[in-house]
Amino acid sequence: IAAMMSFVNDVYAAGSLSRDAYRTLIRILSPVAPHIAEELWEYTGGEGMICTAPWPAWDPSLCTLETVEIAVQICGKVRGRIEITADADEDAMREAALSDPKIARAIAGKTIRKIIVVRGRIVNIVAV
């Protein structure tokens, strides 16, 4: 239900919805609200009953993220977040964290002892 509501919010933000996406939403709604889903299915020109319609196929390429948000910590406290490509290596994460203006201000005048990078998750800068 929460994912469907998130989908509806995305549709409002986009301003429109394709017919295929609308019919997919009706199929997903069917187990939760079967009566209204049957009415919507008939209204959109669906053939037969929606309970016999095939379930939407899963496309793994649509489920991959191109960018991720990484938390940047300084001495264990989150001081900022950076947006970086999902397949970025540790060096790219380190450089992006150090080049962020908010992080640069927070470590200004401090000596960096260690930078701990957990790929795809977090950058922790130990500065004294």
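Does T44 count as buried or exposed, and at what relative accessibility? T44 counts as buried, because its relative accessibility is 5%, where buried means under 20% relative accessible area, exposed over 50% and partly exposed in between (1.4 Å probe, protein chains only). The model is predicted, with local features needing pLDDT of at least 70 and side-chain atom pairs counting only at pLDDT 80 or more, whereas totals for chains, interfaces and linings use all residues. Residues are numbered from 1 along each chain as its sequence is written, and side-chain values use heavy atoms, with hydrogens and water left out.

T44 is located in the loop between α3 (34–43) and β1 (67–74); helices (H or I, at least four residues) and strands (E, at least two) are DSSP runs numbered from the N terminus. Residues up to four places away in sequence aside, T44 touches R19, Y22, R23 and I26, a contact being heavy atoms within 4.5 Å.

On the surface, a patch of positive charge gathers K77, R79, K102, R105 and K110. Patches consist of residues with over 30% relative accessible area and no salt bridge, like charges being joined within 9 Å and nonpolar side chains (Val, Leu, Ile, Met, Phe, Trp, Tyr) within 5 Å. A salt bridge places a side-chain nitrogen of Lys or Arg within 4 Å of a carboxyl oxygen of Asp or Glu. At least two residues of the positive patch come from each of β2 (77–85) and α5 (101–107). K110 lies in the loop between α5 and β3 (112–118) and is partly exposed, at 41%.

A nonpolar surface patch comprises I1, M5 and V32, with about 320 Å² of accessible area together (Shrake-Rupley method, 1.4 Å probe). M5 belongs to helix α1 (residues 2–14).

Key
Lys, Arg positive; Asp, Glu negative; His and termini not counted. Charge placed at Lys NZ, Arg CZ, Asp CG, Glu CD.
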